[in-house]
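Keep the sequence and the 3D view open while reading.

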Amino acid sequence: MISSRVKSLKPSPTIALSAKLRELREQGVDVVGFGAGEPDLDTPDFIKSACMRALKEGKTKYPPAGGIPELREAIANLMEKEKGVSYSPQEIVVTVGAKLAIFLILQALIDDGDEVLLPSPYWVTYEEQIKLCGGIPIFVPTRTEKGFELKADEVIKRITNRTKLIIINSPTNPTGAVFSMEEIRKIAEVCVKKNIYILSDECYDELIFDEVPYQSVASLGSEIREITFTVNSFSKTFSMTGWRVGWVACREDLAKVIASLNSQYVSNTPTFVQYGALEALRNPAGREFIEKAREMYRERREVITEGLQSLPDVKVFRPQATFFIFPDFSRYVEAFGSDVKFSEALLEKALVGAVPGSAFGAEGHLRMSFALSRENIEKGIERLLTFLKDLR
Ligand SMILES: Cc1ncc(COP(=O)(O)O)c(C=O)c1O
């Protein structure tokens with residue numbers, strides 16, 4: 001018998017949709033897929049070459065559980081220079097993607113019945129991982145009309161004596177919103193007072209388009225740094241989703257616990273992969289790549305936002321970051337009974353793939369990635385328009 005914890009586990013809907021789109025494409029069907037949660041650019045060659053060099057040099061054995069020392073140091077440098085918060089290499093743990101970093105943090109902190117505050121809409125994985133660790137997600141709603149703004153009051157009023165952790169994901173997947181630093185500071189100060197940890201998932205911090213105030217949560221003050229786990233990843237920043245490399249930065253005693261959990265789960269992040277990641281940080285071409293990618297997503301953000309805003313009765317928040325947009329189709333979804341049914345019909349009738357918002361805790365929306373070509377975005381919007389017109 002499967003354990004009761006795992007029985008209720010939902011598979012990742014984004015990965016499921018990607019598989020479905022791939023299958024249709026292989027059958028020669030001309031689908032427009034807004035489902036992918038990853039960049040459409042390939043990993044830059046200089047990163048691939050460094051990884052191949054490492055393989056040729058025999059970097060093929062178990063490294064330390066926390067990561068190769070050079071990479072931990074390079075990440076500590078990055079945290080200091082780019083993100084304004086100083087960590088020693090011993091305070092960095094390299095993980096098999098940010099996804100594992102988050103799971104290890106939850107494993108390290110959560111006892112059965114502990115509550116985790118989770119602003120909603122949220123990235124699908126948080127809810128499932130919290131539950132797998134015996135925790136209870138406590139959702140803090142944010143809304144399209146209000147620009148998905150996170151209000152400190154809304155967070156604070158949900159704190160109980162079981163609250164162990166808050167997950168802050170700004171910029172946010174799926175909405176593309178960047179939370180107000182003022183509100184985050186208020187939340188973080190309360191967390192310090194009440195002994196609540198902060199997990200700050202900053203995986204999209206290099207993909208901010210607008211001049212909005214932004215800084216790494218741990219850089220807000222030394223007491224805040226002490227209770228914060230900063231999570232980040234090479235996946236989105238350097239188009240390295242398949243490499244599986246991310247990290248967590250936190251206080252040294254906590255980093256030791258995370259590294260030791262890592263050693264029991266996966267031993268380590270693959271050695272040669274870490275050398276590729278190291279090159280991404282060391283080589284100035286890494287920064288150039290980020291600038292180029294950001295510019296490209298910024299242009300596409302305009303195309304998709306304008307396109308969606310031109311659709312009748314669809315509420316659209318213009319994302320400030322990431323490569324996701326999270327339009328509200330509630331007006332149409334009602335007739336289908338659920339956004340899952342709506343997105344199935346959209347795929348079947350209009351050959352447009354998008355992930356239902358309910359997977360992110362926001363029924364009635366669709367999450368659409370704009371990590372696809374301008375032509376495909378425009379084609380997808382045209383098909384959406386026809387689909388919606390036929391419904392009216
Ligand atoms: C908010 C957020 N955090 C973490 C991740 C996981 O990243 P990684 O590929 O490093 O596991 C994703 C990937 O979709 C994400 O959107």
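## A pair of strands

In this predicted model, strand β12, which covers residues 366–369, pairs with β9. The two run in the antiparallel sense, and two bridges link them. Within this pairing, Ile325 stands opposite Met368 of β12.

## The sheet around the pair

β9 and β12 belong to an open sheet of three strands, whose order is β9-β12-β11. The pairing in this sheet is antiparallel. In general, strands of a sheet pair through backbone hydrogen bonds, and the arrangement can be parallel or antiparallel.

Which strands lie at the edges? They are β9, residues 324–325, and β11, residues 355–356. Each of these edge strands pairs on one side only.

## Where the domains touch

How many residues of domain 1 are in contact with domain 2? There are 35, and they meet 34 residues of domain 2. On the domain 1 side, the elements that give two or more residues are α2 (13–26), α12 (285–309) and β9. The element that gives the most is α12, with six residues.

By residue type, the domain 1 side that touches domain 2 has 17 nonpolar, eight polar and ten charged residues.

Key: Residues numbered from 1 in each chain as written. Predicted model: local features only at pLDDT ≥ 70, side-chain atom pairs only at ≥ 80, totals over all residues. Pairing = 2+ DSSP bridges. Helix = DSSP H or I, 4+ residues; strand = E, 2+ residues; numbered from the N terminus. Contact = placed C-beta atoms within 7 Å. Nonpolar A, V, L, I, M, F, W, Y, C, P; charged D, E, K, R; others polar.
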